[in-house]
Amino acid sequence: MPDRQPEPRIIEADSDRAPAPDLARAVCNVLAAGGLVGLPTETVYGLAADATNPHAVARIFAVKRRPQFNPLIAHVETREAALRHGRFNREAERLADHFWPGPLTLVVPKRADTPIADLVTAGLDTVALRVPAPPLARGLIAAFGRPVAAPSANRSGRISATTAADVVEELGGAVDLIVDAGPTAVGLESTIVACVGAQPVVLRPGGVAREEIEAVLGGPLEVERSVEDRPAAPGRLAAHYAPATPVRLDARSIEPGEALLAFGPDLADGAEHAAAIRNLSPTGDLVEAAANLFRHLRALDRTGAVRIAIAPLPSEGLGEAIRDRLARAAAAR
Ligand code: TXA
Ligand code: MG
């Protein structure tokens, strides 16, 4: 690859512990200098930059090769920190109380005096805020002392990175430093809920199931995926999360040359002839399936199979987010 830069620096760390002082210093130095850090959260690895530095944020878009300036999520260490950047209505407060720290992103009206760069919010008057769960990620953000803008650490349109090796494969030496905390626990991006108008709206299904959010709010939630599907580039964004190999959904039998992405104990007819098999969860557990989704898709994408056949998955709980990602992978071509 012509534009490959030197290998990034990688430092190993434990997600469940606050960062060691050396690590915190290394990460803060890179961020303060306008650099990019591969940051493990509980959902996926983020490509992190100082959210108050527009030059650093611009590098995120360059490195990801995003076709346009999509707004980014600003990560903060606590709910209190989030309140400095956005205005929270009753629903937003409730959801923050209940799900933070955790895999939920809240889109709220942006405060006029937030130091978050306009490039992070793509000039919108709303801001996406999230408090990640792992003590490691939160400790690093707290040590830096400013909000951290971080999209998923993959090239635009490709599968999200759930390990440090994925980040290297996606972005190589364009990242200054990668914190390697092993595979991420959730494996799917955060659920995004906008609390802007009269009713909260789900903009992206993800790591928190819609049913859980509805239980907290006490009513059904509207789902409107207008953000990622914004028709600026029709079909293009519906095709997010795409492996290079074509994908076939709801496959109950295997065709010649296909690899199988299975779910549950019962394999598709003809599975014994599959070019390769990965099972998202042999016991049919959707949480396990979410954690394995991108890793297994990446693995099957490398087998040289003519197509990836994907077993039917239930649509409740995390199944909604998994099916959303798979539908996007299938829409790619
Ligand atoms: O789990 C996650 O959310 C990961 C980790 C790294 O935190 N991040 C992530 O970021 O998935 P990204 O940039 O790949 O997806 C962020 C989504 C985009 O679809 C963007 O359009 C939406 O959030 N978003 C950001 N700000 C928004 C805003 N003000 N209004 C509506 N949507 C917004
Ligand atoms: Mg992404």
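Biologist: Rings of Phe, Tyr and Trp (its six-membered ring) pair if their centres lie within 6.5 Å, and planes under 30 degrees apart count as stacked, over 60 as edge-to-face and the rest as tilted; how many aromatic pairs does the structure hold?

Modeller: The structure holds 1 aromatic pair. The ring centres of phenylalanine 88 and tryptophan 100 are 5.9 Å apart and their planes stand at 70°, so the pair is edge-to-face. This is a predicted model, in which local features need pLDDT of at least 70 and side-chain atom pairs count only at pLDDT 80 or more, while totals for chains, interfaces and linings use all residues. Residues are numbered from 1 along each chain as its sequence is written, chains are lettered from A and ligands numbered from 1 in the order in which they are written, and side-chain values use heavy atoms, with hydrogens and water left out.

Biologist: And which parts of the chain does that pair tie together?

Modeller: Phenylalanine 88 lies in the loop between helix 3 (79-83) and helix 4 (90-99), and tryptophan 100 in the loop between helix 4 and strand 5 (104-109), so the pair ties together parts that are 12 residues apart in sequence. Helices (H or I, at least four residues) and strands (E, at least two) are DSSP runs, numbered from the N terminus.

Biologist: Are phenylalanine 88 and tryptophan 100 buried or exposed?

Modeller: Both phenylalanine 88 and tryptophan 100 are buried, where buried means under 20% relative accessible area, exposed over 50% and partly exposed in between, with a 1.4 Å probe and protein chains only. With neighbours within four places in sequence left aside, phenylalanine 88 is in contact (heavy atoms within 4.5 Å) with Ala82, Leu83, Glu93, Ala96, Trp100, Leu106, Val108 and Leu129.

Biologist: What about the largest nonpolar core, then, and which residues have the most contacts inside it?

Modeller: A nonpolar core is a set of buried Ala, Val, Leu, Ile, Met, Phe, Trp, Tyr and Cys residues joined through side-chain atoms within 4.5 Å. The largest one has 69 residues, and Phe88, Leu95, Trp100, Leu104, Leu106, Leu129 and Ile213 have the most contacts inside it. Helix 1 (residues 21-32) gives the largest share of this core, with 7 residues. There is also a second, separate core of 28 residues, which includes Ile159, Ala209, Ala305 and Ala329.

Biologist: Which residues other than glycine have a positive phi, for instance?

Modeller: Alanine 122 is one of them, with phi near 50°; it is in the loop between strand 5 and strand 6 (126-130) and counts as partly exposed, at 33% relative accessibility. Aspartate 250 also has a positive phi, near 50°, and sits in the loop between strand 12 (247-248) and strand 13 (258-262), where aspartate 250 counts as partly exposed at 38% relative accessibility.

Biologist: Is threonine 121 buried or exposed?

Modeller: Threonine 121, in the loop between strand 5 and strand 6, counts as buried at 1% relative accessibility. Its contacts, leaving aside neighbours within four places in sequence, are Pro71, Lys110, Thr126 and Val127.

Biologist: What area is buried between them?

Modeller: About 1500 Å² is buried between domain 1 and domain 2, and carbon and sulfur atoms give 55% of that; buried area is the accessible area (1.4 Å probe) that two parts lose on being put together, summed over both. On the domain 1 side, Ile159, Leu188 and Pro205 lose the most area to domain 2, together 38% of what that side buries.

Biologist: Last one, helix 9: how many of its residues are buried?

Modeller: Helix 9 is mostly covered, with 9 of its 12 residues buried, among them Gly319, Ile322, Leu326 and Ala329. Its expected span is 1.5 Å times one less than its number of residues, so the 12 residues of helix 9 (residues 319-330) should span 16 Å, and the end C-alpha atoms are 16 Å apart, which agrees.
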